[in-house]
Amino acid sequence: MTTVVEAWRARPERERSFLAAGALVIGVMLYVGLVWLPLERLRTRLAADLPVLRASIVSLERDAAEVKRLRSTPSSIPQNRLPLASLMAANAWAKDLPGVQVTIPDNAHVKLAGADMSFTALLDWIATAQAAHGLRVESARIEALAAPGRVRAELTLARN
């Protein structure tokens, strides 16, 4: 370190001022290239994204108002709170869906699986299960078959 200081002091005054000015220019160039330009690019990108983000906020506020409105409406879930096993024993739940297996893994879920069923009949069955027993689709995997209007389906319905 002392050799660097000695070498600096050994230089003539004019050369030292020239080297200092060069170092200053290089420092400014590094600052511009490594700090200011990336920040300016980020500012420009954020300014371009701002209208989209504002529109997203408006949409989320609208959705929140809709959720609040829906939560304030009276529940459409029926008062039929019998255990699902007794409901299944009392009804022919899947009579409109031949070849379908209906199982009840617990008191809040119903699983339905069928390899070849009518899509329209499946939708009707889901609507009936929702209206009569308060069941909602929790998960579904439905695949269209080669025959028109026929599907392979695995559904899990849950009671709220």
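# Strand pairing and salt bridges

User: Which residue in S2 is the bridge partner of Gln101?

Analyst: Ala113 in S2 is the bridge partner of Gln101. The model is predicted.

User: What makes S1 and strand S2 a pair?

Analyst: Two strands pair if DSSP finds at least two bridges between them. S1 and S2 (residues 109-118) have five bridges, in the antiparallel sense. Five meets that cut-off, so S1 and S2 count as paired.

User: What makes strand S1 and strand S3 edge strands?

Analyst: The open sheet has four strands in the order S1-S2-S4-S3, with antiparallel pairing. Strand S1 (100-106) and strand S3 (135-144) each pair on one side only. Neighbouring strands of this sheet are turned by 15° against each other on average, direction ignored.

User: Which strands does helix H4 touch as it packs on the sheet?

Analyst: Helix H4 (residues 119-133) touches S2, S3 and strand S4 (150-159). The direction of H4 makes about 160° with that of S2.

User: How do you know that the span of helix H2 is close to the expected one?

Analyst: H2 (residues 13-72) has 60 residues. At 1.5 Å a residue, 88 Å is expected from first C-alpha to last. H2 reaches 83 Å, which is close to that value. H2 also bends by about 35° at Val32.

User: Why is the contact between Glu66 and Arg69 called a salt bridge?

Analyst: The cut-off is 4 Å between a side-chain nitrogen of Lys or Arg and a carboxyl oxygen of Asp or Glu. Glu66 and Arg69 meet at 2.7 Å, N to O, so the pair qualifies. The two residues are three apart in helix H2, which means a separation of about one helical turn.

User: Why are Glu66 and Arg69 called partly exposed?

Analyst: Buried means under 20% relative accessible area, and exposed means over 50%. Glu66 is at 35%. Arg69 is at 44%. Both values fall in between, so both residues are partly exposed.

User: What makes Arg150 and Asp116 a link between distant parts of the chain?

Analyst: Their closest N and O atoms are 3.0 Å apart, in a salt bridge. Arg150 lies in strand S4 and Asp116 in strand S2, 34 residues apart. Arg150 is partly exposed at 30%, as is Asp116 at 44%.

User: How do you know that Arg141 and Glu143 meet in a salt bridge?

Analyst: Their N to O distance is 3.5 Å. That is within 4 Å, so the pair counts. Arg141 and Glu143 also belong to a network of salt bridges with Arg152 and Glu154. A search of the whole structure finds nine salt bridges.

Technical notes. Residues numbered from 1 in each chain as written. Predicted model: local features only at pLDDT ≥ 70, side-chain atom pairs only at ≥ 80, totals over all residues. Heavy atoms only, no water. Axes fitted to C-alpha atoms, helices over the stretch in contact; angles between N-to-C directions. Contact = heavy atoms within 4.5 Å. Expected span 1.5 Å × (residues − 1). Bend = angle between axes of the 7 residues up to and from the residue. Buried < 20%, exposed > 50% of the residue type's maximum accessible area, 1.4 Å probe, protein only.
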